Amino acid sequence: MKINTLIIDDNPNWRLTLSKFVEMNPVLKLVAVCESAFEAYAKLTENEVDLLICDIEMPDISGIGLAKSLPNGPLIIFVTSHQEYALDCYEVSPVDFLLKPLNFERFLQSIEKVRKRLLSQPEDISLSPYFFVKDGHNYEQVLYHNVLYMKAQEHFLHIVTPNHTYTPMLSISKMEEQLKGDVFLRVHRSYLVHRLAIATITKDDVILSNGEKIPIGDQYRAKINRQHIGGNLINRNG
């Protein structure tokens with residue numbers, strides 16, 4: 001498995017050093033090298049990226065600011081000359097935090113953490129087969145396997161099944177927090193899709209078993225590829 005890697009650093013010398021480190025590691029594939037968060041954001045919409053190796057202190061938008069704008073983006077290793085950023089950066093849960101000047105051996109340890117994270121299987125959680133949606137004074141029982149997708153619209157969440165749509169006053173982020181296990185896949189800032197309802201994944205859409213098309217958000221493409229297609233791909237060309 002090659003780990004698609006994007007480097008972001010406003011210092012040309014560190015961009016060169018990090019590029020050499022990536023090229024020396026056989027499990028990494030260098031996708032792009034950027035000097036700003038703006039440039040990196042454009043590359044993220046054009047490429048499948050598994051790992052960001054990102055400086056923190058940069059003009060316009062910091063590495064931490066970029067990470068906050070990508071809540072479902074790639075894994076991140078922060079690199080910086082400033083120890084004091086360590087606590088700040090962990091609010092976006094990076095895989096690791098490396099201090100400059102960089103040591104190649106320490107860099108390899110970080111990449112091994114990334115590799116293990118990408119290879120790790122979702123936690124095996126014993127799920128109840130249903131959840132409840134409050135409808136006025138009543139509680140409607142909804143079976144997980146009946147849900148095709150969920151769509152956020154203003155302050156409501158549309159929970160769509162083949163025969164009924166439930167509309168609780170609930171944000172999609174809050175629903176995602178409450179869902180257990182790995183049943184639903186976030187494919188867009190406004191959509192959660194039941195994994196078993198997926199029939200086809202195109203460049204721009206997820207097509208469900210009932211023929212409905214759900215758009216794929218740019219920042220979710222890498223996650224879909226990594227978490228849903230990933231090790232389940234059978235390549236006809238070998």
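These entries cover the ring pairs, then the histidine, then a surface patch.

Entry 1. I am working from a predicted model. I kept that in mind for each entry.

**Entry 2. Ring pairs.** I searched the whole structure for aromatic pairs and got seven. I looked up F131 and Y144 among them: the pair is edge-to-face, with 5.3 Å from centre to centre and 75° between the planes. The angle is over the 60 degrees that the edge-to-face class requires. I then asked where the two partners lie. F131 is in strand β6, while Y144 is in the loop between β7 (138-143) and β8 (149-153), so this pair ties together parts 13 residues apart in sequence.

**Entry 3. Burial of that pair.** Are F131 and Y144 buried or exposed? F131 has a relative accessible area of 11% and is buried. Y144 is buried as well, at 10%. The cut-off I applied for buried is under 20%.

Entry 4. F184 belongs to strand β11 (residues 184-188) and Y144 to the β7-β8 loop, so here the parts tied together are 40 residues apart in sequence. Both Y144 and F184 are buried.

**Entry 5. Another ring group.** I also recorded a cluster in which ring pairs link F21, F104 and F107.

**Entry 6. H194.** I found H194 in strand β12 (residues 191-194). Which backbone atom does the side chain of H194 reach? It reaches the backbone oxygen of Y144, at 3.3 Å. I then listed the contacts of H194, leaving aside neighbours within four places in sequence: Y144, H145, V147, L148, V183 and F184.

**Entry 7. Surface patch.** I turned to the surface and looked up which residues form a nonpolar patch there. They are Y130, F132 and Y139, with about 340 Å² of accessible area together. F132 is in strand β6 (residues 130-135), the strand that also holds F131. I noted F132 as partly exposed, because its relative accessible area is 45%. F131, by contrast, is buried at 11%.

Key. Residues numbered from 1 in each chain as written. Predicted model: local features only at pLDDT ≥ 70, side-chain atom pairs only at ≥ 80, totals over all residues. Heavy atoms only, no water. Patch = residues over 30% accessible without salt bridge, like charges linked within 9 Å, V, L, I, M, F, W, Y side chains within 5 Å. Areas by Shrake-Rupley, 256 points an atom, 1.4 Å probe, with all protein chains shown as cover. Salt bridge = Lys/Arg side-chain N within 4 Å of Asp/Glu carboxyl O. Helix = DSSP H or I, 4+ residues; strand = E, 2+ residues; numbered from the N terminus. Buried < 20%, exposed > 50% of the residue type's maximum accessible area, 1.4 Å probe, protein only. Polar contact = N/O pair within 3.5 Å; in protein donor to acceptor, adjacent residues only side chain to side chain. Contact = heavy atoms within 4.5 Å. Phe/Tyr/Trp six-rings, centres within 6.5 Å; stacked < 30°, edge-to-face > 60°.
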